[in-house]
Amino acid sequence: MMRVVGGSASVTLARGIARELDASYVDVAFEKHPGGFPDGERYVRLTASVAGDHVIVVQTTHPDPMLIELFLLADAIRDGGASQLTAVVPYFGYGRQDKRFLEGEAVSAKTIAKHLAVDCDELLTMAIHNPGILQTFPLPSREVSGMPAIGRYLKSAKVDMLLAPDRNAIRLAKEASKIAGVPFDSLEKRRIDSYTVKITPKALAVKGKFVAIVDDVISTGGTISMAARELRSQGARRVVAVGVHGLFVNNAEANLKTCDDVIATDTIQSPHTKVSVAPEFAAAIRALG
Ligand code: R5P
């Protein structure tokens with residue numbers, strides 16, 4: 001039997017995946033006492049047996065306590081006698097530290113994967129910064145694309161074209177543009193530091209057009225706002241921001257005022273969540289066999 005368990009960062013998406021798969025959903029108690037532990041430590045208790053079952057645990061690993069929760073859930077599911085455990089990590093926090101940039105640093109993405117491999121048999125994630133790193137993880141790991149869901153949404157919104165704000169986003173914009181049935185273009189971005197980006201000027205055919213900027217992550221909104229300003233200065237009529245993962249940290253909301261709308265998926269639940277990637281994860285889980 002297949003069962004789905006959702007961590008507290010991903011309950012809505014996990015329930016959506018369970019519905020798509022026609023699998024039973026296991027509720028989790030996240031507090032031992034009302035209000036939780038006074039020191040903020042996480043707690044989990046499965047409220048149904050998972051013995052002999054293939055369990056899908058769904059949990060985004062942001063912010064940090066959600067990572068601890070995922071490890072606790074995976075351990076409880078294993079101790080509960082699950083026959084197979086698939087980790088669905090919709091947003092893989094720490095994915096951007098995918099190499100040792102400076103001597104002595106941790107390769108954080110690999111660190112997280114190493115700990116997941118203790119209890120999980122395989123990992124499914126989405127729009128990870130560098131999909132190549134999945135090959136170095138010590139458990140079978142696959143990237144599931146969220147672009148079909150985003151492409152369908154943008155098609156129904158009737159956008160005229162998509163824009164990748166940097167090289168890294170080209171593969172995403174390209175895939176979504178095929179599904180939306182519209183062209184795409186891209187910009188060149190230089191990152192000065194974690195808070196500042198610069199965009200190389202480039203002529204874009206956007207005059208009078210409805211353009212969607214498509215990126216993997218919207219964090220501070222710096223990248224999106226630079227791209228939106230460029231589009232506006234070149235005469236775009238309507239500009240919307242689309243991120244697979246909407247982190248929205250620091251002054252993101254102020255930065256994103258440069259856009260007419262902001263759209264994110266349910267890999268991270270936020271007021272901008274307008275697209276569900278449950279069908280994409282369900283299809284990938286079915287394909288596991
Ligand atoms: C970086 O290359 C990523 O693809 C995103 O463009 C970046 O993480 C977005 O960050 P921010 O919203 O802070 O510009």
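A: A residue is called buried when its relative accessible area is under 20%. The model examined here is a predicted one.

The pairing of β15 comes next. Strands β14 and β15 run parallel and are paired over four bridges. In this pairing A241 stands opposite V262 of β15. Strand β15 is also joined to β16, again in the parallel sense, by two bridges. Here A264 has T273 in β16 as its bridge partner. In general, strands of a sheet pair through backbone hydrogen bonds, in either a parallel or an antiparallel way.

These pairings belong to an open sheet of six strands with parallel pairing, in the order β10-β9-β13-β14-β15-β16. The edges are held by β10 (184-186) and β16 (273-275); each has a single partner strand, so one side of each is left without a neighbour in the sheet. From one strand to the next, the twist averages 35 degrees.

Strand β13 (residues 210-218) and strand β14 (residues 238-246) are parallel and pair over eight bridges. Within β14, H245 is the residue that stands opposite V217. Helix α6, made of residues 222-233, lies across β9 (161-164), β13 and β14. The direction of α6 is at about 165 degrees to β13.

Another helix to look at is α5 (residues 170-180), which contains S177. With a relative accessible area of 6%, S177 is buried, because that value is under the 20% limit. Apart from neighbours within four places in sequence, S177 is in contact with L162, V182, P183 and F184.

The model also holds a ligand. It is surrounded by 15 residues, and the closest are D215, D216, T220, G221 and T223. For R96, an N or O atom in the side chain is 3.0 Å from an oxygen atom of the ligand. For D166, a polar side-chain atom is 3.5 Å from an oxygen atom of the ligand. On its own the ligand has 380 Å² of accessible area, and the protein covers 93% of that.

There is also an open sheet of six strands in the order β2-β1-β5-β6-β7-β8, with parallel pairing. Its edge strands are β2 (24-26) and β8 (141-144), each of which pairs on one side only. Neighbouring strands in this sheet are turned against each other by 25 degrees on average, direction ignored. Strand β5 (residues 54-58) runs parallel to strand β6 (residues 84-89), and five bridges join the two. One of the facing pairs has H54 opposite Q84 in β6. Helix α8 (residues 278-288) packs on this sheet and touches β1 (2-6), β5, β6, β7 (122-126) and β8. The direction of α8 makes about 155 degrees with that of β7.

Conventions
Residues are numbered from 1 along each chain as its sequence is written. This is a predicted model: local features need pLDDT of at least 70, side-chain atom pairs count only at pLDDT 80 or more; totals for chains, interfaces and linings use all residues. Side-chain values use heavy atoms; hydrogens and water are left out. Two strands pair if DSSP finds at least two bridges between them. Axes are lines fitted to C-alpha atoms, for helices over the stretch in contact, and angles run from 0 to 180 degrees between N-to-C directions. Contact means heavy atoms within 4.5 Å. Buried means under 20% relative accessible area, exposed over 50%, partly exposed in between (1.4 Å probe, protein chains only). A residue is near a molecule or strand if one of its heavy atoms lies within 4 Å of it. A polar contact is a pair of N or O atoms within 3.5 Å; within protein, one must be able to donate a hydrogen and the other to accept it, and residues adjacent in sequence count only if both atoms are side-chain atoms. Accessible areas come from the Shrake-Rupley method with a 1.4 Å probe; for residues, only the protein chains shown count as cover.
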